[in-house]
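Open the model in your viewer and keep the selection panel at hand. The stops below are meant to be taken in order.

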Amino acid sequence: MADISIPIAQARLSNEVVSRARALRGLIFRDRIFRIVTRAAAALVLALLGGVILSLAWGSAPTIRTFGLSFLITEVWNPVTDEYGAFAPICGTLITAFLAMIIAVPIGIGIAIFLTELCPQPLRRPIGIAIELLAGIPSIIYGIWGLFVFAPFLQAYVQPALINASQPIPILSTLFAGPPYGIGMLTAGIILAIMVLPFITSISRDVFETVPSVLKESAYGIGCTTWEVVRSVVLPYTRVGVIGGGMLGLGRALGETMATTFVIGNAHKISASILAPGTTISATIANEFTEAVGDLYTSALITLGLILFVITFFVLVAARLLLMRLDRKAG
Amino acid sequence: MAKYRARRRVDAAAKILCVAATIFGLGWLTLILAALVWNGFGGLSLAVFTQMTPPPGSNGGLLNAIVGSLIITALGLAIGAPIGILAGTYMAEYGRYSRLTFFVRFINDILLSAPSVVVGLFVYQIMVTRMGHFSAVAGGVALAIIVIPVVVRTTEDMLLLVPGSLREAAAALGMPRAAVIRHVAYRAARAGLLTGILLAIARISGETAPLLFTALNNQFFSANLDAPMSSLPAVIFQFALSPYKDWQHLAWTGALLITFAVLAMSIAARVLAARAVNK
């Protein structure tokens, strides 16, 4: 009897070994598949960027063939005669983003200083969150608010005062010339400033918090005031990060679409006055793309998109490189 | 002594300016929310949720826009969230120190702030021109492209917070890598992953520009994914810029709905994230 049971036990054992090996192979196989799938998903993120650039470049080909590089410096934008130039939207984009930065950078840094140096501890989180909620409000809400609430307010109270006050001063009088439209470059710039404020604030606050307290305490110890500590210790220590945060905000301001579309006025011309209506790249695309008839018209708008993407890409790359430099210092 | 007093004065002035900056920032938030409630609250009624968008001059609601928004958002999330989570998984688990991860992280941070109007153009180029017409699917794909970077970022960050000792303990029991990730890392980082998805929903539910050239808009109710579909942001855009008073009122009501939904989601995400990190 024993002679028979041994082979059976052996067979059972080898069966077990085989099925174990099979299960193990299955696990290895599944592990490998999962690894490949996750890797493919990561590669897809890279492909997305390449795809965006390639497809926009493809769509821009007719424009580039027709107008060449002069597209960049032509101010004409005439769908009737099929002549297009990107100069006015490019200028509009740069001017509104510049205005936004002039307003948002000092205020963003001010709020960050308040939050890290002055604010009582229990209020820090709620105020920080409230400022960050500004970033959560969708762009179109800024647009509708800007058009119906903010622009009429500027038109009735602020712009007439600006025009009158700057009348006698040579350069300012051209900068703030003309009838108060309400909508225009300045309005768009102010609204963009409100929109990028939370980005600048939160990055500045984060980098301010990386300043070693020993540095600050020793400055206080030799009798510095809060402002002197901020100016001579905190800001020099975090300069790179603050600039990076500003660039990140700039990237946002350049590409912002719906809010500017509502309040910029969509006029394809360049004015010396920042109270005048203008246009930006993104506003032009949003306003005209669905109504564009003809291949060249569509292509011109896609080329605008490509220009915008390239500009923001370089700004954002610069921002990230600056912030990475800071990370390396901190880590 | 005079010099000391001057320094104190400069200090006080700087402090006052910082406080003023903070009040300035908080003031905008209050002003915008107040304007939304002021202009939009009066329009809130049952009809908003039960009736279609009206032609100018007659009564109606936002039903087709609300449903359209929900469908397109769900579509964008269904496409974008799995890709984002998988990519984030590779970056935090398999390829933590690989060169691919370094590049993906860098590019992903740029995509996070890339202009959304360009995403709309891209999807128009690859889908709408191919298919020959605008469609809800194209809108969903456009939103998915915005979802991906948000989810990738939070997934990677949250998986990196999971202690390595948990993974080692599971691996020591003989668990294969894929199982460790799915049963241990994902479970430990569940609240964090959910935060990323909530943030992504908050981000896309107000997105307008990418939908204008992909899902377009639709005056009527439609559940056809292959046809143009209405969405709240697109309706707000159209109605707010129209000269009709009743359309403008509806636009304000829609704006109120979107804003409070989005703010509620971002606050929820914040609470969830705080809990995920503290644990």
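Predicted model: local features only at pLDDT ≥ 70, side-chain atom pairs only at ≥ 80, totals over all residues.

**Stop 1: a pocket in chain B**

Go to the second largest pocket, with a volume of about 250 Å³. Its lining has 13 residues; select Ser69(B), Leu70(B), Ser205(B), Leu232(B) and Ala261(B), the closest to the centre. Now colour helices α3 (63-94), α9 (190-205) and α12 (245-278) of chain B, the elements that each give two or more residues to this lining. The largest share, five residues, belongs to α12(B). By type, the lining has 10 nonpolar residues, three polar and no charged.

**Stop 2: helix α11(B)**

Select residues 232-240 of chain B. This is helix α11, where eight of nine residues are buried. Among them are Leu232(B), Phe237(B) and Phe239(B).

**Stop 3: Val180(B)**

Move to helix α8 (177-188) of chain B, which holds Val180(B). Is Val180(B) buried or exposed? Its relative accessibility is 6%, so Val180(B) counts as buried. Show its contacts beyond four places in sequence: Arg167(B), Ala170(B), Ala171(B), Met175(B) and Ala185(B). Then draw a C-alpha distance to Glu168(B), 12 residues away along the chain; it reads 8.9 Å.

**Stop 4**

Select helix α4 (99-113) of chain B and pick Asn108(B). Asn108(B) is buried, at 1% relative accessible area. Across the chain boundary it touches Val45(A); within chain B it touches Ile148(B), Pro149(B), Val152(B) and Arg153(B).

Step to Asp109(B). Asp109(B) forms a salt bridge with Arg153(B), closest N and O atoms 3.0 Å apart. That pair links α4 to α6 (136-161) of chain B, across 44 residues. Asp109(B) is buried at 10%, whereas Arg153(B) is partly exposed at 30%.

**Stop 5**

The structure has 12 salt bridges over all chains. Select Arg205(A) and Glu132(A), whose closest N and O atoms are 3.0 Å apart. Arg205(A) sits in α6 (185-208) and Glu132(A) in α3 (121-136) of chain A, so the pair ties together parts 73 residues apart in sequence. Arg205(A) is buried at 17%, and Glu132(A) is buried at 19%.

Last, find the salt bridge between Arg7(B) and Glu228(A), 2.8 Å from N to O. This pair crosses between chains, from α1 (2-40) of chain B to α8 (226-255) of chain A. Arg7(B) is partly exposed at 29%; Glu228(A) is buried at 16%.

Terms used:
Residues numbered from 1 in each chain as written. Chains lettered and ligands numbered in written order. Heavy atoms only, no water. 1 Å grid on protein atoms, 1.4 Å probe; cavity = no way out; pocket = protein on both sides within 12 Å on 5 of 7 lines; lining within 4 Å. Points joined across faces, edges and corners; volume = space filled by probe spheres on them. Helix = DSSP H or I, 4+ residues; strand = E, 2+ residues; numbered from the N terminus. Nonpolar A, V, L, I, M, F, W, Y, C, P; charged D, E, K, R; others polar. Buried < 20%, exposed > 50% of the residue type's maximum accessible area, 1.4 Å probe, protein only. Contact = heavy atoms within 4.5 Å. Salt bridge = Lys/Arg side-chain N within 4 Å of Asp/Glu carboxyl O.
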